[in-house]
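Please keep the sequence and the structure in view while reading.

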Amino acid sequence: MSKVIKWQYSDFFEPRREKLVNLLLSEIIFLKAHLKKLTLNKKMEYVKIALEKLDFLLITLKNNDTELSDEDFDKVVQIIYQIFQEIITKLDC
């Protein structure tokens, strides 16, 4: 039964750093999949810059073995959010 509960609520048991790594990986995969669909070179460049920023965050998190505090976790999530906000505003133009 405890395995079922742990599987069902795996997000609660997963360390913050691993959550962010998984989030970054999924966002990078999402952007790379949609990068191929873009037709304008300018829009492709915006997405490539965002991918580089997300990749830098991912490498930084992977190289850091310490557990993140709530404050650091929130900061990284905010950075990821800002990167996507930047993409959205540039692609809407």
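## A partly exposed lysine and its partner

The model is predicted. Lys53 has a relative accessible area of 33%, so this residue counts as partly exposed. Its side chain meets that of Glu86 in a salt bridge, with 3.0 Å from N to O. This pair links distant parts of the chain: Lys53 belongs to helix 4 and Glu86 to helix 5, and they are 33 residues apart. Glu86 is partly exposed as well, since its relative accessible area is 29%, between the limits of 20% and 50%.

How many salt bridges does the structure hold? There are 3 salt bridges. Besides the pair already described, Glu86 meets the side chain of Lys90 in a salt bridge of 3.5 Å, N to O. Glu86 and Lys90 are 4 residues apart in helix 5, so about one helical turn separates them. An α-helix has 3.6 residues a turn, and therefore residues three or four places apart point the same way. Lys90 is partly exposed, at a relative accessible area of 33%. Through shared partners, the salt bridges join Lys53, Glu86 and Lys90 into one network.

Glu71 and Lys75 also meet through their side chains in a salt bridge, at 3.3 Å from N to O. These two residues are 4 apart in helix 5, which means that about one helical turn lies between them. Is Glu71 buried or exposed? Glu71 is exposed, because its relative accessible area of 52% is over the 50% limit. Lys75 has a relative accessible area of 45% and is partly exposed.

Helix 4 covers residues 41-63, which is 23 residues.

Which residues of helix 4 are buried? They are Val47, Ala50, Leu51, Leu54, Leu57, Leu58 and Leu61. These buried residues pack against helix 3 (16-35) and helix 5 (70-92).

The same check can be made on helix 5. Its 23 residues should span 33 Å at 1.5 Å a residue, and the end C-alpha atoms are 33 Å apart, which agrees.

In helix 5 the buried residues are Val76, Ile80, Ile83, Phe84 and Ile87. They pack against helix 3 and helix 4.

## Helix 3 beside helix 5

The axes of helix 3 and helix 5 are 10 Å apart and meet at an angle of about 10°. That angle is under 35 degrees, so helix 3 is roughly parallel to helix 5. On the helix 3 side, the contact is made by Arg16, Lys19, Leu20, Leu23, Leu24, Glu27 and Leu31. On the helix 5 side, the contact is made by Asp70, Phe73, Val76, Val77, Ile80, Phe84 and Ile87. What kinds of residue make up the contact of helix 3 with helix 5? The contact has 10 nonpolar and 4 charged residues, and no polar ones.

Asn22 is found in helix 3. Its relative accessible area is 41%, so Asn22 is partly exposed. Along the chain, Asn22 and Leu58 are 36 residues apart, and their C-alpha atoms are separated by 9.1 Å. Leu58 is one of the buried residues of helix 4.

Methods: Residues numbered from 1 in each chain as written. Predicted model: local features only at pLDDT ≥ 70, side-chain atom pairs only at ≥ 80, totals over all residues. Heavy atoms only, no water. Expected span 1.5 Å × (residues − 1). Buried < 20%, exposed > 50% of the residue type's maximum accessible area, 1.4 Å probe, protein only. Contact = heavy atoms within 4.5 Å. Salt bridge = Lys/Arg side-chain N within 4 Å of Asp/Glu carboxyl O. Axes fitted to C-alpha atoms, helices over the stretch in contact; angles between N-to-C directions. Parallel < 35°, antiparallel > 145°, perpendicular 65-115°, else oblique. Nonpolar A, V, L, I, M, F, W, Y, C, P; charged D, E, K, R; others polar.
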